[in-house]
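The following note sets out numbered points on the model shown below.

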Amino acid sequence: MPIETSPVIAPGTLSAVPQPTLATADGDLLLRPLEPGDAAAVHAAFQDPTLRYWHARRMDSPQEALGWIEGTHETWRTETAAQWFVTGAADGEPLGRMALREMILADGVAEIGYWVLPAARGRGVAPRALAALTQWALAAGFHRLDLKHSTRNEASCRVALKSGYDLEGTARSSVLHTDGWHDMHIHARIQEA
């Protein structure tokens with residue numbers, strides 16, 4: 001059955017170029033594609049119980065982290081997701097991760113995902129990195145960026161609101177965590193005409 005609308009972002013637009021490195025407005029943080037050398041830091045991040053709780057995932061070894069990192073390069077090539085490692089611009093200190101998950105270029109939509117390492121929490125890393133990612137994504141042609149988090153995750157709610165992601169509603173009992181089903185807040189940023 002033919003589709004009567006044109007793709008919002010033409011297939012091949014993103015994969016035709018290397019995944020970019022982004023900088024925050026203050027220049028203090030970089031969002032860069034993950035590299036094999038990041039495997040130990042990614043593995044260490046997933047040893048944090050808070051990160052595992054909200055993401056309901058484990059990463060049991062640096063080798064597993066390396067496989068995940070290799071997969072991030074494949075999702076850029078297939079234009080299905082994009083992952084960035086957030087680091088200090090001056091020292092390369094690992095601080096967290098930002099992502100466009102579940103990218104659907106034809107519809108111009110993607111879902112935001114992120115985490116911040118324990119030592120970097122409370123330093124404004126997530127809102128600044130999210131602002132840089134949002135600016136790039138909207139300039140790249142995405143029309144809608146969704147940000148979903150458990151209603152129990154007050155820190156993520158603060159990041160979303162601080163970053164201009166309006167709260168649109170609550171999806172009841174929609175994500176299974178280790179302690180059961182969670183209601184999820186749905187925030188969004190829309191490309192302004």
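1. Which residue takes a positive phi in the hairpin of S1 and S2? In that hairpin, which has 5 residues between the strands, Gly27 has a positive phi near 75°. Strands here (E, at least two residues) and helices (H or I, at least four) are DSSP runs, numbered from the N terminus.

2. On the basis of the note: this is a predicted model, in which local features need pLDDT of at least 70 and side-chain atom pairs count only at pLDDT 80 or more, while totals for chains, interfaces and linings use all residues. Residues are numbered from 1 along each chain as its sequence is written, and side-chain values use heavy atoms, with hydrogens and water left out.

3. On the sheet: 8 strands form an open sheet in the order S1-S2-S3-S4-S5-S6-S8-S7, with mixed pairing. Two strands are taken to pair if DSSP finds at least two bridges between them. The edge strands are S1 and S7 (166-177), each of which pairs on one side only. Strands of a sheet pair through backbone hydrogen bonds, either parallel or antiparallel.

4. On the S1 side of the sheet: strand S1 (residues 22-23) and strand S2 (residues 29-32) are antiparallel and pair over 2 bridges. Ala23 has Leu30 of S2 as its bridge partner. S2 is also joined to strand S3 (residues 82-88) by 4 bridges, again in the antiparallel sense, and Leu29 has Gly88 of S3 as its bridge partner.

5. On the S4 and S5 pair: these strands are antiparallel and pair over 7 bridges. Ile104 stands opposite Val109 in S5.

6. Asp166 stands opposite Ala188 in S8. A hairpin of 2 residues connects S7 to S8.

7. On the nonpolar cores: a core is a set of buried Ala, Val, Leu, Ile, Met, Phe, Trp, Tyr and Cys residues joined through side-chain atoms within 4.5 Å. Buried means under 20% relative accessible area, exposed over 50%, and partly exposed in between (1.4 Å probe, protein chains only). The largest core has 34 residues, and Leu100 and Phe142 have the most contacts inside it. Elements that give two or more residues to this core are S2, S3, strand S4 (94-104), S5, helix H4 (125-139), strand S6 (144-150) and helix H5 (154-162). H4 supplies the largest share, 9 residues. A second, separate core of 12 residues includes Val42, Ala65, Trp115 and Leu117.

8. On Phe142: leaving aside residues up to four places away in sequence, Phe142 touches Ile9, Leu14, Leu100, Met103, Leu105, Gly108, Val109, Ala110, Ala137 and Gln191. Contact here means heavy atoms within 4.5 Å.

9. On the largest pocket: about 1,200 Å³ of space lies in it. Among the 48 residues that line this pocket, the closest to its centre are Trp54, His55, Arg97, Tyr114 and Trp115. A pocket is defined on a 1 Å grid over the protein atoms alone, as an open set of points where a 1.4 Å probe fits, with protein on both sides within 12 Å along at least five of seven lines; lining residues have an atom within 4 Å of a point. The volume is the space filled by probe spheres set on the points.

10. On the lining of that pocket: strand S5 (residues 109-116) gives the most, with 6 residues. By class, the lining has 23 nonpolar, 15 polar and 10 charged residues. Ala, Val, Leu, Ile, Met, Phe, Trp, Tyr, Cys and Pro count as nonpolar, Asp, Glu, Lys and Arg as charged, and the others, Gly among them, as polar.

11. On backbone angles: most residues other than glycine have a negative phi. Glu79, although not a glycine, has a positive phi of about 60°. Glu79 lies in the loop between helix H3 (62-77) and S3 and counts as buried, at 9% relative accessibility. Ser173, also not a glycine, has a positive phi of about 45°. Ser173 lies in strand S7 and is partly exposed, with a relative accessible area of 41%.

12. The C-alpha atoms of Met1 and Leu14, which are 13 residues apart along the chain, are separated by 26 Å.
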